[in-house]
Amino acid sequence: MSNVATKVAVVGSGISGAVCASTLARNGVSVAILDSARGPGGRMSQRREITEDGKELLFDHGAPYFTISNPDVLGLIHEWEARGLVAEWKQNFGSFDCIFKQFFDIEKEGLSKKYVGVPGMNSICRALCHEPGVESKFGVGVGKIEWLQAKDLWSLTGLDGQNLGHFNGVVASDKNTCAPRFTSVTGRPTPLGRRALHSFCWLLSHIIFVAFYAS
Ligand SMILES: Cc1cc2nc3c(=O)[nH]c(=O)nc-3n(C[C@H](O)[C@H](O)[C@H](O)COP(=O)(O)OP(=O)(O)OC[C@H]3O[C@@H](n4cnc5c(N)ncnc54)[C@H](O)[C@@H]3O)c2cc1C
């Protein structure tokens with residue numbers, strides 16, 4: 001990855017990071033998505049298994065579907081529908097009981113329309129991660145996010161110590177990048193440490209302040 005500071009880094013390729021990266025790219029910002037997972041989707045990722053008799057089975061790991069409560073999001077969903085990335089799910093949903101080998105709690109279609117990714121929930125993030133202006137790197141865990149005051153840039157370092165480059169902006173789409181839980185799980189300091197978080201909040205408050213005066 002180049003060190004040229006013309007980019008925004010988006011940490012995480014789940015639905016939040018993927019939509020954010022796509023929106024930035026459509027507005028002329030060059031974006032690099034970095035995700036520690038093998039592929040895009042986060043909690044909307046999909047697993048592929050082959051049965052002993054060679055059948056392919058696809059499992060959505062997280063959200064099986066989504067509904068829309070915010071009318072502003074509807075335009076985006078219609079665009080995804082037109083691109084064949086999502087479709088309305090008109091069948092019932094149910095849970096499969098592995099012990100009794102039967103479906104139970106079959107849910108009738110509710111009032112809200114239910115949408116699913118086509119062919120899987122990860123198709124949305126996969127497509128957004130490959131839009132023009134978005135560079136995606138998988139298997140790259142961000143271990144450190146530092147604000148370089150002298151250079152006016154963010155510096156990202158991988159969990160393995162690799163230099164991931166310098167960026168004008170960083171979007172941390174996963175709260176683990178600054179949550180204490182990161183340390184309890186990994187034994188490492190959070191990527192977005194207290195000092196960087198302070199710089200981040202300081203910058204954010206100034207951006208809001210400038211925006212307030214500009215409006
Ligand atoms: C079983 C289950 C069922 C669900 N059902 C529904 C449902 O029916 N309807 C619904 O609307 N929602 C549902 N959800 C919730 C929905 O899936 C999530 O709210 C949504 O997918 C979260 O998206 P996100 O982008 O915010 O985070 P995530 O999808 O968690 O993405 C965060 C990404 O950041 C990456 N990352 C984190 N830290 C780092 C780091 N340091 N370096 C690099 N990468 C990093 C992770 O690998 C991950 O890919 C369900 C979730 C689960 C688990």
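G143 touches T157, G158, L159, R188 and P191, leaving aside residues up to four places away in sequence; two residues are in contact if their C-beta atoms, placed from the backbone, lie within 7 Å. This is a predicted model, in which local features need pLDDT of at least 70 and side-chain atom pairs count only at pLDDT 80 or more, while totals for chains, interfaces and linings use all residues. Residues are numbered from 1 along each chain as its sequence is written.

Let us stay with G143 for a moment. Its place is in strand 10, where helices (H or I, at least four residues) and strands (E, at least two) are DSSP runs numbered from the N terminus. G143 is buried, with 21 other C-beta atoms within 10 Å. The term buried asks for 20 or more other C-beta atoms within 10 Å of a residue's own, exposed for 12 or fewer, and partly exposed covers the range in between, with C-beta atoms placed from the backbone. G143 and P191 are 48 residues apart in sequence, yet their C-alpha atoms are 4.7 Å apart in space.

Now for the chain as a whole. The protein chain has five helices and 13 strands, and buried residues make up 27% of its 215 residues. Of the contacts with a separation of 6 or more, 60% are between residues 24 or more positions apart.

Next comes the ligand. The shell around the ligand holds 26 residues, and the closest are G12, G14, S16, G42 and A63; a residue is near a molecule if its C-beta atom, placed from the backbone, lies within 6 Å of it. Helix 1 (15-26) and strand 2 (30-35) are the elements that give two or more residues to this shell, and the largest share, three residues, comes from helix 1. By class the shell has eleven nonpolar, twelve polar and three charged residues. Here Ala, Val, Leu, Ile, Met, Phe, Trp, Tyr, Cys and Pro count as nonpolar, Asp, Glu, Lys and Arg as charged, and the others, Gly among them, as polar. The ligand lies between domain 1 (7-60 + 121-214) and domain 2 (64-119), because both give residues to the shell; the domain bounds come from an automatic or database domain assignment.

Helix 1 also packs against helix 3 (residues 122-129), at an angle of about 35 degrees and with the axes 9 Å apart. Axes are lines fitted to C-alpha atoms, for helices over the stretch in contact, and angles run from 0 to 180 degrees between N-to-C directions. I15, A18, V19, A21 and S22 of helix 1 meet I124, C125, L128 and C129 of helix 3, a contact with eight nonpolar, one polar and no charged residues. Seven of the eight residues of helix 3 are buried, so this helix is largely enclosed by the rest of the structure.

Finally, some backbone details. Most residues other than glycine have a negative phi, and most peptide bonds are trans.

| Residue | Phi | C-beta neighbours inside 10 Å |
|---|---|---|
| K101 | about 50 degrees | 7, exposed |
| D152 | near 65 degrees | 10, exposed |

K101 sits in the loop between strand 6 (93-97) and strand 7 (102-107), and D152 in the loop between strand 10 (142-148) and strand 11 (153-158). A cis peptide bond joins V118 and P119, with omega about 5 degrees. P119 belongs to the loop between strand 8 (115-117) and helix 3.
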